[in-house]
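Here are my notes on the model, point by point. Please read them with the structure open.

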Amino acid sequence: VEAESKEDATPEFWVKKLADPDVKVVDLRQFRAVMNSQPQSWVEAFVKKKGLIEMLRVHKHRPEDKSLLQEIVRSIKALMNNEFGLTTFIHSGGAVRTLFSYLLVPDDASRLLILQLLTVISWFSETGHSAVLDGLGHVQNLEHASTRYHILQEILMEKTKNVSLKTAGLQFINAVVNAFVRPEERVFHRLQLS
């Protein structure tokens with residue numbers, strides 16, 4: 001039993017587990033607990049072995065499973081819980097775009113956490129802000145929308161009673177718009193919201 005628990009704690013085990021199309025919500029919860037208890041070297045090994053890629057692919061296996069999506073987003077938060085993880089996530093080709101695509105799933109709990117993570121990414125660095133703008137454009141293309149802020153407008157206009165979600169949407173918009181240095185850019189992006 002002890003050997004199994006040591007194996008369960010290795011990055012290799014979790015990369016393989018996340019690549020399994022039958023991965024369960026309980027597995028993702030355990031993965032998140034393991035990742036939260038490991039040093040940065042563990043996270044580095046996990047990323048090096050393509051763990052981030054496999055983590056982002058989990059939702060493709062069962063896109064209708066909202067519980068699975070919630071655990072994936074919580075796992076992404078655990079990964080981004082330090083500078084290495086956050087920087088790696090921002091610089092990983094397509095990770096921010098994938099996180100944005102998760103906003104298309106109508107699940108308030110996931111959307112709330114996603115908007116909080118995207119706000120941090122936008123404020124973290126110029127590269128993060130650029131990745132967020134790219135992600136907004138990606139969702140705009142997926143939805144064939146007229147503006148990059150369309151998904152946020154939908155969230156804000158929904159008849160949901162979830163005030164926290166709407167607040168997170170507004171905070172995210174402010175983070176994106178206020179990160180521009182030039183006032184003309186801020187005005188341009190605010191106009192896209194109307």
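1. Start with a helix pair. The axes of helix H7 (residues 83–91) and H9 come within 11 Å and cross at roughly 90°. H7 and H9 are therefore roughly perpendicular to each other. Axes here are lines fitted to C-alpha atoms, for helices over the stretch in contact, and angles run from 0 to 180 degrees between N-to-C directions. Angles under 35 degrees count as roughly parallel, over 145 as roughly antiparallel, 65 to 115 as roughly perpendicular and the rest as oblique. On the H7 side, the contact (heavy atoms within 4.5 Å) is made by Glu83, Leu86, Thr87, Phe89 and Ile90. H9 supplies Val120, Ile121 and Phe124.

2. A word on the basis. This is a predicted model: local features need pLDDT of at least 70, side-chain atom pairs count only at pLDDT 80 or more, and totals for chains, interfaces and linings use all residues. Residues are numbered from 1 along each chain as its sequence is written, and side-chain values use heavy atoms, with hydrogens and water left out. Helices (H or I, at least four residues) and strands (E, at least two) are DSSP runs, numbered from the N terminus.

3. Which residues have the most contacts inside the largest nonpolar core? They are Ile76, Phe89 and Ile121, in a core of 58 residues. Such a core is a set of buried Ala, Val, Leu, Ile, Met, Phe, Trp, Tyr and Cys residues joined through side-chain atoms within 4.5 Å. Buried means under 20% relative accessible area, exposed over 50%, partly exposed in between (1.4 Å probe, protein chains only). Not counting residues up to four places away in sequence, Phe89 touches Leu52, Leu56, Ile76, Leu79, Met80, Ala95, Val96, Leu99 and Ile121.

4. Look next at Phe172, in helix H12. Phe172 is buried, at 0% relative accessible area. Beyond four places in sequence, its contacts are Phe100, Leu115, Leu118, Thr119, Val132, Leu136 and Leu152. Phe172 and His189 lie 17 residues apart in sequence and 13 Å apart in space, C-alpha to C-alpha.

5. There are ten salt bridges in the structure. The term means a side-chain nitrogen of Lys or Arg within 4 Å of a carboxyl oxygen of Asp or Glu. Arg111 and Glu158 form one, 2.7 Å from N to O. Arg111 sits in helix H9 (residues 108–124) and Glu158 in the loop between H11 and helix H12 (163–178), so the pair ties together parts 47 residues apart in sequence. Arg111 is buried at 5%; Glu158 is partly exposed at 25%.

6. Glu12 and Lys49 make another salt bridge, at 3.3 Å from N to O. Glu12 belongs to helix H2 (residues 11–19), and Lys49 to the loop between helix H4 (40–48) and helix H5 (51–61). The two are 37 residues apart. Glu12 is partly exposed at 43%, and Lys49 is partly exposed at 37%.

7. Within helix H5, Arg57 and Glu54 lie three residues apart, about one turn of the helix. Their closest N and O atoms are 3.2 Å apart in a salt bridge. Arg57 is partly exposed at 41%, whereas Glu54 is buried at 14%. Elsewhere, Arg29, Arg32, Glu71 and Arg74 are linked in a network of salt bridges.

8. Finally, check Gln153 in helix H11 (residues 150–157). Gln153 is buried, at 19%. The side chain of Gln153 reaches the backbone oxygen of Leu193 at 2.8 Å.

Conventions: Polar contact = N/O pair within 3.5 Å; in protein donor to acceptor, adjacent residues only side chain to side chain.
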